[in-house]
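Student: I am new to this structure. Can we go through it in questions and answers?

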Amino acid sequence: MLEKERMISIFKTMNNIRKFEEKAYQLFEQNKLRGSVHLCIGQEAIPATVCSLLRDEDYITSTHRGHGHCIAKGAELGKAMAELMGKATGYCKGRGGSMHIADLTKGNLGANAIVGGGLPIAVGGALAAKLKGTDQVAVSFFGEGASNEGTFHEAINLASVWKLPVIFICENNLYGISCHASESTSVVDIGTSRASGYNIPGYSADGNDVLTINDLVEKAIARAKAGEGPTLIELKTYRWLGHWTGDPQVYRSKEEVEEWKQKCPIKRFKEYLINNQVLTSAECDEIETDALNQVEAATKFALESPEPDPATVMEDVFCEN
Amino acid sequence: MATRVIMPKQGLQMTEGTITKWLIAEGEKVELEQPLFEMETDKLNIEIVSSASGTLLKIIRGVGETVPITEIIAVIGEPGEELAEFISQEGPADSPKVSEAVERETDTKPAETEAPKAQRNEGERVFITPRAKTLAEDKVLNYHNLEGTGPEGLILERDVLGYVEQVSALPKASPLAAKVARQNEVELSEVSGSGARGKIMKADVEAAVEARKSKAAAGSRSGKVIPFAGMRQVISDRMMQSLHGMAQANHRMKVDMSEVIRFREKLKSSSIKVSFTDILVKVVSKALLDFPIVNSSLTEQGILLKDYVNMGLAVAVNNGLIVPVIKDADLMSLEEISAVAAELIDKAKKGGLKPDDYSGGTFTITNLGMFEIDEFTAIINPPESAILAVGKIDRIPVVEGENIVIRPVMMLSLTYDHRVIDGAPAAQFLQRVKQIMLNPYLLI
Amino acid sequence: MSIKTYAMAIRDVIAEEMRKDQTVFIMGEDIAKQGGIFGCTKGLLDEFGGERVRITPISEAGFVGAGIGAACAGMRPIVELMYMDFTYVAMDQLLNQAAKIRYMFGGKATIPMVVRGQQGVGRGNAGQHSQCVEQFFLHIPGMKVIMPSSPADAAGLLRTAIRDNNPVMFFEHKALYATKGEVSDDPEFAIPFGKANVLKEGKDVTIIGTHLYVGKAMNVAKTLAAEGIDVEVIDPRTLVPMDTETMLNSVKKTGRAVVVHEAHKIGGAGAEIASMLTEGAFKYLDAPVARLGAKQCTLPFNLGLENAVVPQEEDIIKAVKSVLYQSQN
């Protein structure tokens, strides 16, 4: 069993993520967001659990579906929402948008819009840790689609050869936009099947269960800190919404979606917490309400924030000192 | 070695010419005697051919510019030759002591352009867009004084277009005509031109002034004043200078032309057609060799006696006078003289003489016989020292022995520079001329 | 003639060519059931089946490379890249393989492959999904570079691309997919490569633009006509091969040129076009050739910032007036 505080923290984070994502969806429908957002509703257990095991100085890289990872890694909801709206107060001063939220003070080396783009970068963070002689670790979040990109092969091989403290977390939510994993990926269990190709341990497990995730990641972190190298952990999960807001989801049935909604990670963990007297039902509701309020406050902050000044558009191309 | 192309003197009284068209573009190759440019004076519209082969390295004076004679207007040479010395020289070419010093008109601007004149220093670089430059070169315009309306005075296409438009919009007029028009407040657009291509000549403006005056001053008998300016002034000044510069005296001698006439007839029956003038050229050339003092020039170094005769023939052309020169007349046969003279006269009348054709003369013959003039006193054509004027051949009574007979007689009138030639040698020269004319067999 | 959207014009040509020629097939991400995320392959799975309308994993280097191999082996693959920004993921296959194989093999290999996809701003996709990348393929020899700006051009040029025996980079634009226009129904309708389109004749200045800037140039021409400025608008359509003659003749006539595109100004296709115009029409120029392109910074997510980066119609108007040495009011 996990430490009580940590479990409560995980539960809070999951709720924050859920409410944030739901709010983002609403805002999209109200045409308040530019472009589109890629929401991770249904996948909250993974970011919340993994990041609860990390410190600020540990690194993560994330994906286009990265709000959860960023929030779990300590992002302020207000600044995150402001970035979604492209405001000057956002994490990236409105220049990156949803897919590029980063906060290096919290070890977030950035969400990446290129599939597979984050794996080598996480490896870089781990390499720095090794060179500096610290006990920092790096976590690379990516989807099953990315496991078919060349960078997957190169990054994992490299981390393995150099015995770098990386944990490769593959969130297999079964779909790369419209493409089912069975159509794109040569194996069903990426974790167990592909790791041996790199001489590292690999696991395929339930990504909607906090405890399972915690177990595997703890082990992986220990291995990493011991200097033994990377681990590949595939976590099976499901996104409830389309690939991006506005996706008509012609590629899957409503029944399948409903089926997975029943396996909601928040609901499962809530039950666990209540059953194990970690929290009461009322406390859980309170946490949920609190999450809602925080998100509302964040949204208000973001809506009231100013647009970035076009005169600043050429700033930060290069570092000037 | 690069060659200067100068504004050539085209007529006895010509002091300046206006370039009307460059026929070769800067940078283009040109052959000797290939038509190079066209120019006009108040009297003449002439095509000038090149006196050298090579590349037209630089056009120094452009279309519309009025240039005093002998001033440099272009340079022909080989690409890469140094041009600076040519461009800086503004003075006349090394031909002499043109003691009929060229009177410069104060109005030396091209005809009637109101184009903005840029205030540019000597040698200051002119910036012009490639398109504008191409256009200017195409129209053979010298853009160096054009004002540019682009940034920092950059000359733009529209600046060149504007200038071209202005120049072409105005009726073409000779510089003198323009000046006369200005002085008399005559609108050029209301004057019809009688010159080449409808060009308005001074006479046209004067006629317009007349017409206006006669309309206005109905019945007044105060006489009229016509302008004494421009070419008239130039001629006046030059004549005075010629006369003031030399001590001109004149001899007259009658010549019985019977033998010459017979001589000429004989030649005609052998299908050799020569004119009296041709014969005169032959005769005088021969006589000059016997009296080189009459065939001389006074220079700073002294009296230059020439051992060759380049015979100038005054030819009346449209509203003017030109003196083509038969080179080495003394070495030519009568037939050759006749052929060359005919060619030159024809060219002169068509305005096709080259600079070479009317320069380098050593003596001039002028004939007003066709106008029924019996005799007249010509004024010497510097730097020559004498000129022979002849009148018509008239059948008059003369005394032979104790009888009075009718003979064809022509009057020779020699004007000579008494600084160089005294009366006796001048007279002897005339005697020699007469002697040969009385006995043409002496030509052999 | 039919009125079609740019996307449908593309889809119809793909379908027609696949019907005519069994060796033509298409592969890419989400092109099957989804019909492509911009609808360019809508309905094709139903008509041609999953072998010839082939969904791929997210493996750009992998499936571009596969396209190359298939082409060498006698097929005529159309490879769809979801975003042309992803050419970077497949750059070795594109520029080191597809572009060079024929040449390095002494002319022995033929690669009749079309790599098509969309690029540019317009959907708030931020820096890595909004780039214009045609200039990389202009620079490295070996691939043809096509940029249709209208439904008719998309249809005509795509047919030529599919029938071309060389690797063709076919650049569509995300903001053009929904635009409508007349397209010929002739199943042989094709526009040859290397033939620029003079959309409007004029005598004062030439504007050369690609993709969205064709339409913007026409707008500018209309605006400036009211001020007495007569603009000529040219769409090069294809950068490789490039119709230099049409552009040169135009600039020789007008004496002034403004070249505008969405890609960054420095090193963009406009730099090549401007140099070419200066070399070929130097003495006809009344002003230096003006170039417009995105500023040298990553494309920002925020719309206001993005608009400050890519050229706007006012920028084009300013450039036109500057080459005319007119004041900006």
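Student: How many residues of chain A are in contact with chain C?
Tutor: This is a predicted model. Contact here means C-beta atoms within 7 Å. On the partner side, 28 residues of chain C take part. On the side of chain A, the count is 32 residues.

Student: How do the residues on that side of chain A divide by class?
Tutor: Take the side of chain A that touches chain C. Five of its residues are charged. The others are 13 polar and 14 nonpolar.

Student: Which residues of H9(A) does H2(A) meet?
Tutor: From H2(A) come A:Ala45, A:Ile46, A:Thr49 and A:Val50. By class, this contact has six nonpolar, two polar and no charged residues. The H9(A) partners are A:Val210, A:Ile213, A:Asn214 and A:Val217.

Student: Which are the edge strands of the open sheet in chain B?
Tutor: Four strands form this sheet, and the pairing is antiparallel. The order is S5-S4-S2-S7. An edge strand pairs on one side only. That describes strand S5 (45-49) and strand S7 (66-68) of chain B.

Student: Which residue in S7(B) stands opposite B:Thr18?
Tutor: Strand S2 of chain B, residues 16-22, pairs with S7(B) over three bridges. The sense is antiparallel. Opposite B:Thr18 stands B:Thr66.

Notes
Residues are numbered from 1 along each chain as its sequence is written. Chains are lettered from A and ligands numbered from 1 in the order in which they are written. This is a predicted model: local features need pLDDT of at least 70, side-chain atom pairs count only at pLDDT 80 or more; totals for chains, interfaces and linings use all residues. Two residues are in contact if their C-beta atoms, placed from the backbone, lie within 7 Å. Ala, Val, Leu, Ile, Met, Phe, Trp, Tyr, Cys and Pro count as nonpolar, Asp, Glu, Lys and Arg as charged, and the others, Gly among them, as polar. Helices (H or I, at least four residues) and strands (E, at least two) are DSSP runs, numbered from the N terminus. Two strands pair if DSSP finds at least two bridges between them.
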